[in-house]
Amino acid sequence: MDTFNQLAVNVLDAKSLISSLGAIGLLAIIFAETGLLIGFFFPGDSLLILAGVAASGAASSVLGEGARLPIAVLLIGAPICAVAGAQLGHFFGAKVGPRLFDKPESKIFRRDFVVKAEEYFDKFGPAKAVVIARFIPVVRTFLNPVAGTLEMPAKTFFVWNVVGGVLWTESMLLIGYFTGDSLAPVIDKYLIPAMALIILISISPIIFEVLRERKKKKAAAVAVEEEQHQVAGGRHRKG
């Protein structure tokens, strides 16, 4: 039981994942997070940034001696896996998405995801939505099959999938790589606060979205209340 609990924690821990699985395992996780709906819980942003650190001069301080990751493999492999995973998600959505998302009893493939994706598509347009979703945890997993469900053409999706996949993976890796080189002498001192900041940045879009939704619902409730007061006031004057 303790072993199972430890494994469950390590799956959510970027440092443990990199230490245990190495570069190939990391690339497999990037593929799973973007291509398999069950991979939405993986810490994609922090995983890529810490992988960049683990490929820098600070690798030995982060992962131990001899555990430095090859930056060339990461820079080439990460965008390929991210693009391939998202393309699989789009294909999956196009083939079986409508049947899955329309099931009212489904707890994972909820119709809410389609509605939310449609909001992103309407607000930014399909192209920008695919790119922007890369930088939003959970959304980057579910938007791909939803794009297929909404019948976004595979070729159009592929073009913007490549743009988003390259921008996301390369920027996260290079942030970690150059930060690791800069802070190599003192990385042990700053690693924990740096990772805390990374996690905060990763979840900030979700926090912003939750606050925005609450504000929207509150404004709608106020509008309904004002309308009810107006109706009541009109009836009172008539009486």
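"Buried" here means under 20% relative accessible area, "exposed" means over 50%, and "partly exposed" is anything in between (1.4 Å probe, protein chains only). The views below come from a predicted model, in which local features need pLDDT of at least 70 and side-chain atom pairs count only at pLDDT 80 or more, while totals for chains, interfaces and linings use all residues. Numbering starts from 1 along each chain as its sequence is written, and side-chain values use heavy atoms, with hydrogens and water left out.

View 1. The protein chain has 10 helices and 0 strands; helices (H or I, at least four residues) and strands (E, at least two) are DSSP runs, numbered from the N terminus. Read from that end, the elements go α-α-α-α-α-α-α-α-α-α. Of the 239 residues in the chain, 42% count as buried. Take the contacts (heavy atoms within 4.5 Å) with a separation of 6 or more: residues 24 or more positions apart make up 76% of them.

View 2. The average pLDDT, the predictor's confidence in each residue from 0 to 100, is 75 for the protein chain, and 64% of the residues score at least 70. Helix α9 has the highest confidence, at a mean of 89, whereas helix α1 (residues 2–11) has the lowest, at 36. For residues 1–12, pLDDT is below 50, and this stretch makes 8 contacts in the model beyond near neighbours in sequence.

**View 3. The largest nonpolar core, with 20 residues.** Such a core is a set of buried Ala, Val, Leu, Ile, Met, Phe, Trp, Tyr and Cys residues joined through side-chain atoms within 4.5 Å. L26, I30, L48, L69 and L74 have the most contacts inside this one. At least two of the core residues come from each of α2 (14–35), α3 (44–54), α5 (71–101) and α9 (154–182). F121, I136, M152 and F157 belong elsewhere: they are among the 12 residues of a second, separate core.

**View 4. I30 and A78, two residues that touch each other.** Leaving aside residues up to four places away in sequence, I30 touches L47, L48, A78, C81, A82 and W168. A78 sits in helix α5 and counts as buried because its relative accessible area is 0%. With the sequence neighbours up to four places away left out again, A78 touches L27, I30, L48, V73, T169 and L173. A78 and L48 are 30 residues apart along the chain, with 8.6 Å between their C-alpha atoms.

View 5. Over in helix α9 is I175, which counts as partly exposed because its relative accessibility is 45%. The C-alpha atoms of I175 and V53 are 8.2 Å apart, although 122 residues separate them in sequence. A72, in helix α5, is also partly exposed, at 48% relative accessibility. From A72 to A55, 17 residues away along the chain, the C-alpha distance is 9.1 Å.

**View 6. Helix α8 and the residue E151 just after it.** Just after α8 comes E151, in the loop between α8 and α9. Most residues other than glycine have a negative phi. E151 is one with a positive value, near 65 degrees. Its side of the story on accessibility is simple: E151 counts as exposed because its relative accessibility is 67%.

View 7. A cavity is a set of points on a 1 Å grid over the protein atoms alone where a 1.4 Å probe fits but cannot get out, and lining residues have an atom within 4 Å of a point. Grid points are joined across faces, edges and corners, and volume is the space filled by probe spheres set on them. Searching the whole structure turns up 1 cavity of 30 Å³ or more. Its lining consists of A86, V130, A133, R134, R140, N144 and N161. Helices α7 (126–133) and α8 are the elements that each give two or more residues to that lining.

Technical notes. 1 Å grid on protein atoms, 1.4 Å probe; cavity = no way out; pocket = protein on both sides within 12 Å on 5 of 7 lines; lining within 4 Å.
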